[in-house]
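Have a look at the picture, and then let us walk through it.

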Amino acid sequence: MSEFKPLRSVLYMPSSNERALEKAKTLPADAIIFDLEDAVAPDAKPAAREAAAAAVRSGEYGTRHLVIRVNGIGTEWHDDDIKAAAAAGPDVVLVPKVNSADEVRRLVAALEAAGAPARTTLWAMVETPVGMLNALSIATASERLTGFVMGTNDLVKELYAEHVPGRQPVLTGLGLALLAARAAGIVIIDGVYNDVKNIDGFLAECEQGRQMGFDGKTLIHPGQVEGANTAFAPSAQAVEDARGLIQAWEDGKGSGVVTYNGKMVESLHVESAERTLSIDAAIQALSA
C-alpha cells in the first residue's frame, strides 16, 4: 500500500488549449488527462500531440498523475499518437474504445516498440457493449494494463439509452467493469458527469460511484475537482472508525468474538479499515 496514489479526481484537459494546460498546473486534481481525442478538432490534433508531449516532459505538474489519451485504434492519428506518447513517457497512456484482449496486447506491443519507459502503463477505456462483456479478458490481458476508465457517454449512446439520475440504464455495464477490475487488481475510474452547472447532481453521482467501489471520477471541468476529491476520500469519521476498529481487533485477539460499536469484527473488516487508513495517509501526504 506504500505506493498507493490517490486518483479521486481525473481531469480531462484539451491538449490543443494552451491556457487549459497552463491552468492544470494549479488545480488540485490527482491526475490530468492530456486529451488528443474528443476535445481536439481534427485539424488541431498534430499540434495538440506536440503540446501534450511537451507538457508531460516539462516537470511542471508536481505530483499529479499524468495521462495522455490518444486517438482510438484504427484512426488516422493513432499510430503517431502512440509513438509521441511513448517518447514523452507519461505515467499512463489511455486508449479509447478498447474491446478485446487482443487489442490490449497489440497496444502494449506498440508502446514497447516505440520505446515507452517501463513506468508508463496502459489504461483502457471501456465504453461499448462488447467492451463491457469482454471486461475480464481485457483487464487480465497484460501486466502493463493497470486501469480502466469508464466511457459512460459512449455506452449510453450505444445502448440507445438515456442519461438519468441514478444511472440505471448503465449500472449493469458499470458493474461488469468493476467486477473485472477488482478481479484483476487494477484501478477503475468512473465516467464523466456532463451537466457541469448541476452541482447537486454531480455530487450525488460521485457518492454513488464511491459507494459502488470506483477509485475516482473522470471530470470535464475544473470546478468538479474539489467535489470529487472530497467524495472519494475517507471522511474524518471513517478514518476514526477505522482506527477504532483496528484497535479493538488488536485488543481482542484471543478473546473469541471481537466487537466495535456493537458490531462484530472479522478479519475482512480489518482489511477494509487498513485500506481506508492507507488511502487517507496517501491523501494527507499530497498536502504535506
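## A buried aspartate and its partner

With a relative accessibility of 18%, D91 counts as buried (buried is under 20% relative accessible area, exposed over 50% and partly exposed in between, using a 1.4 Å probe and protein chains only). The side chain of D91 meets that of R119 in a salt bridge, at 3.5 Å from N to O; the term stands for a side-chain nitrogen of Lys or Arg within 4 Å of a carboxyl oxygen of Asp or Glu. D91 sits in the loop between α3 and β4 (92-95), and R119 in the loop between α4 and β5, so the pair ties together parts that are 28 residues apart in sequence. R119, at 52% relative accessibility, counts as exposed.

This is a predicted model, in which local features need pLDDT of at least 70 and side-chain atom pairs count only at pLDDT 80 or more, while totals for chains, interfaces and linings use all residues. Residues are numbered from 1 along each chain as its sequence is written, and side-chain values use heavy atoms, with hydrogens and water left out.

T121 belongs to strand β5 (residues 121-126). Helices (H or I, at least four residues) and strands (E, at least two) are DSSP runs, numbered from the N terminus. T121 counts as buried, at 17% relative accessibility. Apart from neighbours within four places in sequence, T121 is in contact with D91, V92, V93, R144 and T146, where contact means heavy atoms within 4.5 Å.

Side chains of opposite charge can pair when their charged atoms come close. How many salt bridges does the rule give? The count comes to 18. One of them joins E60 to K25, with the closest N and O atoms 2.3 Å apart. E60 is in the loop between α2 (45-58) and β3 (65-69), while K25 is in the loop between α1 (18-24) and β2 (31-35), so this pair ties together parts that are 35 residues apart in sequence. E60 counts as partly exposed, at 45% relative accessibility.

Within helix α4, R106 and D102 lie four residues apart, about one turn of the helix, and their side chains meet in a salt bridge at 3.1 Å, N to O. R106 is partly exposed at 45%, and D102 is partly exposed at 41%. Elsewhere, D35, E37, D38 and R69 are linked in a network of salt bridges.

## How the helices pack

The axes of α3 (residues 78-88) and α4 (residues 101-113) come within 8 Å and cross at roughly 55°. Axes are lines fitted to C-alpha atoms, for helices over the stretch in contact, and angles run from 0 to 180 degrees between N-to-C directions. α3 and α4 are therefore oblique to each other: angles under 35 degrees count as roughly parallel, over 145 as roughly antiparallel, 65 to 115 as roughly perpendicular and the rest as oblique. In this contact, H78, I82 and A86 of α3 meet L107, A110 and L111 of α4. The residues of the contact divide into five nonpolar, one polar and no charged (Ala, Val, Leu, Ile, Met, Phe, Trp, Tyr, Cys and Pro count as nonpolar, Asp, Glu, Lys and Arg as charged, and the others, Gly among them, as polar).

α2 and α3 pack at about 15°, with their axes 9 Å apart, and are therefore roughly parallel to each other. Here R49, A53, V56 and R57 in α2 meet D80, D81, A84, A87 and A88 in α3. The residues of this contact divide into five nonpolar, no polar and four charged.
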